[in-house]
Amino acid sequence: MELGDERASVQGVIIDYAKEIGWEYISREDSLRFRGGNTGFVFKELFVKQLQRLNPDFMDHILAEDLIKRLERIPPNIEGNLLTWEYFKGLRSVFVHNENRERNVKFIDTENIERNIFHVTDEFEFTNETKTIRLDIVFFINGVPILFMETKAATKIGGISEAMNQVKRYHQNCPELLTILQIYALTNLIEYYYSATWNFSEKLLFNWKEEAEGNFETLVKTFLDKKMVIKVLTDFILFTRQDDELKKVVLRPHQMRAVNKLVERAKSEKRRGLVWHTQGSGKTYTMILTAKKILENPIFENPTVIMLVDRNELETQLFGNLAAVGFEGIEVAKNKKHLRQLLSEDRRGLIVSMIHKFHKMPQNINERDNIFVLVDEAHRTTGGKLGDYLMGALPNATYIGFTGTPIDKTAYGKGTFIIFGRDDLGGYIDKYSIAESIEDGTTVPLHYAFAPNELRVDRETLEKEFLGISEAKGVSDIDKLNKILERAVTLKNMLKSKKRIEKVAKYVANHYKNFIEPMGFKAFLVAVDREACALYKEELNKHLPEEWSKVVYSSFYNDPPKLEEYHLSEEEEKRIRKAFKDPDELPKILIVTEKLLTGFDAPILYCMYLDKPMRDHVLLQAIARVNRPYEDNKGRRKTSGFVLDFIGIFENLEKALEFDSQDVEGVIQDIKILKDRFKELIKEAKKKYLSLIEGRSPDKAVETVLEYFRHEEKRRDYYKFFREISDIYEIISPDKFLRPYIDDFETLTRMYRILKEAYDSIEIEKDLLRKTSKLVQYHTKPGKIKATLEIYEINSNALRKIEESKDPDNKKVFNISKSILKHVQDHANTSPYLLSIGEKAEAIIKLYKARQKSTEETLEELKKLIDEINSARKAEKEKKMPSDTFSIYWMLQKTNVPEPEDKAKIMGEVLRKYPHWKESEKQEREVKIQFITILLNSGIDVQEAGEKARAIMRVIKGGL
């Protein structure tokens with residue numbers, strides 16, 4: 001067994017761990033038999049038996065079999081996936097004829113776990129008779145597949161990304177199976193990630209940590225624990241509709257932990273709890289799932305859950321749509337009167353409201369103790385009179401506060417701390433800090449830089465009218481901030497002076513064009529008030545296309561014409577918000593002052609031009625708009641967010657963010673830190689990598705690099721190094737600081753490019769970040785190393801050109817292999833036999849990369865393959881056979897089967913007899929039997945005949 005080998009070291013180990021915790025292994029042969037062939041996905045006999053066992057009072061054999069047919073007919077998309085999940089949850093029904101009524105069906109016993117039957121199998125092949133996929137490991141409960149796992153060898157570079165690409169392919173090729181499966185995991189013995197099916201963005205791939213980080217056995221066993229799998233399946237998956245689009249979410253570990261703690265708190269005698277999950281870490285979904293679990297739990301005796309949200313967007317867009325995905329009895333309080341009516345009439349189920357609707361709510365309007373109030377952004381919604389009205393109205397309720405920012409220093413011993421945090425050590429029932437979220441990749445780190453001094457406001461005025469006044473300390477509400485700024489007359493006049501607005505707008509336009517737009521990201525310009533927004537829009541239009549920017553702010557009926565000009569209808573604002581989130585749609589810049597600074601989640605948003613004085617909670621919430629990760633296949637990868645400070649807020653971080661230092665550790669750092677790190681990395685590169693090619697010609701440099709990096713471990717280290725330095729380059733380019741380092745960085749990029757082309761065969765343009773890719777395209781100086789491999793046209797002159805080439809032999813190896821594989825890719829449709837040659841080329845190169853073949857030996861074998869292609873092309877013209885028949889002939893004669901031409905013609909006739917064999921499993925089986933029979937008649941033994949028949953059919957089928 002090779003160390004880190006995928007099949008033995010990863011798949012085998014995981015199956016062994018699964019068996020140790022109670023999953024029964026089913027061989028792939030038995031799996032095929034139980035599901036009636038590779039078009040089935042349910043272990044039919046077991047499923048029928050278990051359904052009757054779990055639903056004994058009404059389920060019979062006929063009803064159970066009908067349910068299998070229903071599953072097979074479910075629409076193959078995310079809507080169908082929701083339908084399947086509802087069956088797992090027990091929310092779907094069947095009509096029971098002898099009772100003349102609908103009855104909900106139990107697929108899984110969530111109470112008595114051991115009444116379920118758990119199976120695991122590997123190499124799970126499924127076909128929809130058009131495409132076929134093979135999943136590494138699949139887990140079943142009661143005969144239905146619910147979880148699959150893709151495994152990669154620990155030594156494989158980019159294994160997790162490759163596994164993710166396979167997951168995407170599975171969804172595209174066989175959505176029928178993916179409609180049933182609910183969760184997937186990707187692992188390589190080092191990392192363990194999971195996600196929900198119908199999500200295949202890497203930002204939705206979550207790291208399973210538990211308390212056993214680093215111990216692979218414990219990670220696997222805690223994730224595959226039978227009780228945990230059922231809990232994830234039934235408790236921690238959420239479907240939501242946003243902007244009329246169905247989305248599926250599975251909770252992250254910190255969210256699961258918090259939901260479990262909160263349900264336990266709801267069961268206890270304690271009536272308070274505070275959750276701090278940092279901005280961008282999914283706090284809203286934690287609230288929703290907590291509400292769901294409380295409402296579904298019979299121990300709470302038909303409770304009421306009140307969700308208090310603090311912004312219209314959540315109330316209408318997300319919470320208002322929960323009824324469409326499984327929540328029953330939802331009421332969104334329309335106004336104060338409606339909320340009062342709901343509470344006085346003792347409404348059960350979920351009520352969604354905003355805190356201001358509790359204004360002047362009568363005391364003791366409902367004294368039940370099974371009312372649970374979940375308060376979003378609790379640090380600013382429950383202070384003062386509104387909090388008093390709320391708690392006076394519902395004196396025996398349990399209150400759970402949620403916040404995206406920690407408790408600030410001014411609030412210890414009062415306010416939020418006392419209202420919610422009094423029952424827990426440190427004030428929190430659960431905490432997920434900024435540092436944790438960055439480490440997990442839930443959010444990205446933030447960097448800041450200062451605008452030039454002449455654009456920043458006077459420091460003394462800023463201190464006097466804002467930072468230095470006690471009212472501004474701990475400011476948690478943007479309305480309160482605006483009132484403070486209204487009194488800062490001198491400061492606002494400075495910010496809105498005509499000359500300053502003109503200069504700042506010009507600076508923003510140039511900065512966006514040069515730094516941000518080339519990355520493919522978007523930006524916010526945060527102005528001090530609505531008038532400033534309008535002024536900035538007028539000025540930006542002078543420097544950027546008008547459609548690049550939009551103003552979004554609240555409108556008032558008595559606004560002057562200048563402000564009225566930028567009023568948006570509700571529908572138009574919704575359209576702009578949606579378009580802004582799309583990387584390829586306009587606008588690119590939103591000019592805002594209050595709206596969208598909380599609750600607006602647009603991962604493509606990278607840069608915030610901050611021209612509004614802020615501090616503490618408001619500042620943390622605002623800058624968190626740029627902390628969402630983003631990655632796509634167009635060279636955009638957001639590794640951090642950026643704030644350009646036009647105020648000078650970050651000149652004194654301790655004053656701007658008065659929280660415990662451990663709570664805001666790493667929240668935002670000066671971009672100078674990145675520049676220092678870039679210098680360090682260039683220094684390291686000179687010593688470790690650039691020295692390899694010093695004084696060599698470009699060709700000799702390629703030879704040296706290809707040989708040095710034949711060691712996979714060395715390549716892995718270099719890729720990791722290059723990813724870090726290119727990420728930094730993307731952020732700071734085109735800063736003049738980079739001038740002394742451009743040549744060295746460009747050389748490192750060329751090295752990276754040639755290694756990826758040679759050893760990983762990837763589309764390098766999609767792999768490089770945008771600015772790095774442009775640097776290689778437009779760099780004017782000749783490089784110290786050639787940046788790309790050559791592609792030869794495979795024809796009768798190819799070998800002569802190779803011999804005449806002055807390229808070093810190891811470069812020729814990669815040139816030829818790439819050329820062969822490109823030729824196969826381009827012509828396999830019309831000449832399927834090329835696929836078998838392509839497989840040989842891949843096998844040869846694999847051995848070469850593993851240092852099991854010398855350069856000379858590899859080169860000779862690849863040349864022979866070029867000879868084989870040319871010979872085949874010549875023979876194909878001479879024989880004048882149909883392409884599939886010729887491909888069979890070529891493979892038979894290459895493996896020394898007697899009378900290959902006669903047998904190929906007979907096999908060709910078999911294919912004509914079964915014209916739909918590529919789509920029909922039944923016809924494919926007949927073709928296979930007849931091919932084996934023909935080969936047996938040549939004196940070939942049964943095993944070899946079977947192998948040859950499968951190889952021939954695979955090649956011809958691949959030539960579709």
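The model is predicted, and local features need pLDDT of at least 70, side-chain atom pairs count only at pLDDT 80 or more, and totals for chains, interfaces and linings use all residues. Residues are numbered from 1 along each chain as its sequence is written, and side-chain values use heavy atoms, with hydrogens and water left out.

The pLDDT is the predictor's confidence in each residue, on a scale from 0 to 100. Its mean over the protein chain is 87. A value of 70 or more is reached by 93% of the residues. In residues 1-5 the pLDDT is below 50. This stretch has 11 contacts in the model beyond near neighbours in sequence, a contact being heavy atoms within 4.5 Å. Where pLDDT is low, the predicted coordinates should not be read in detail.

The largest nonpolar core holds 204 residues. A nonpolar core is a set of buried Ala, Val, Leu, Ile, Met, Phe, Trp, Tyr and Cys residues joined through side-chain atoms within 4.5 Å. Buried means under 20% relative accessible area, exposed means over 50%, and partly exposed lies in between (1.4 Å probe, protein chains only). Leu394, Phe524, Phe678, Tyr718 and Leu748 touch the most other members of this core. A second, separate core has 115 residues, including Met59, Phe124, Ile230 and Leu374.

Leucine 71 is in helix α4 (residues 61-73). Helices (H or I, at least four residues) and strands (E, at least two) are DSSP runs, numbered from the N terminus. Leucine 71 has a relative accessible area of 2% and is therefore buried. Its contacts, leaving aside neighbours within four places in sequence, are Phe41, Val42, Phe47, Tyr87, Phe107 and Ile180. Leucine 71 and isoleucine 647 lie 576 residues apart in sequence. Their C-alpha atoms are 59 Å apart in space.

Phenylalanine 223 belongs to helix α8 (residues 216-224). With a relative accessible area of 3%, phenylalanine 223 is buried. Residues touched by phenylalanine 223 include Leu147, Ile183, Ala185 and Tyr192. Tyr194, Trp208, Met228 and Val229 are also touched by phenylalanine 223, again not counting residues up to four places away in sequence. Serine 195 is 28 residues from phenylalanine 223 in sequence and 12 Å from it in space, C-alpha to C-alpha.

Helix packing was examined for two pairs. Helix α21 (residues 498-516) and helix α22 (residues 530-540) pack at an angle of about 60°. Their axes are 9 Å apart. Axes are lines fitted to C-alpha atoms, for helices over the stretch in contact, and angles run from 0 to 180 degrees between N-to-C directions. α21 and α22 are therefore oblique to each other. Angles under 35 degrees count as roughly parallel, over 145 as roughly antiparallel, 65 to 115 as roughly perpendicular, and the rest as oblique. The crossing of α21 and α22 is right-handed. A crossing is right-handed if the near helix is turned clockwise from the far one by less than a right angle, and left-handed if anticlockwise. On the α21 side, Arg500, Ile501, Glu502, Val504, Ala505, Val508 and Ala509 take part. They meet Leu535, Tyr536, Glu539 and Leu540 in α22.

The second pair is α37 (residues 883-894) and α40 (residues 942-958). Their axes come within 10 Å and cross at roughly 140°. That makes α37 oblique to α40. The crossing of this pair is right-handed. Asp884, Ile888, Met891 and Leu892 in α37 meet Ala951, Ile952, Val955 and Ile956 in α40. Glutamine 893 is also in α37. Its relative accessible area is 24%, so glutamine 893 is partly exposed.

The peptide bond from leucine 586 to proline 587 is cis, with omega near 10°. Proline 587 sits in the loop between α24 (570-581) and β22 (589-592). A cis bond also runs from serine 733 to proline 734, with omega near 5°. Proline 734 is in the loop between α29 (712-732) and α30 (742-760). Glutamate 301, a residue other than glycine, has a positive phi near 55°. Glutamate 301 lies between α11 (283-296) and β13 (304-309), in the loop. At 63% relative accessibility, glutamate 301 counts as exposed. Asparagine 302 has a positive phi of about 55° and is not a glycine. Asparagine 302 lies in the loop between α11 and β13.
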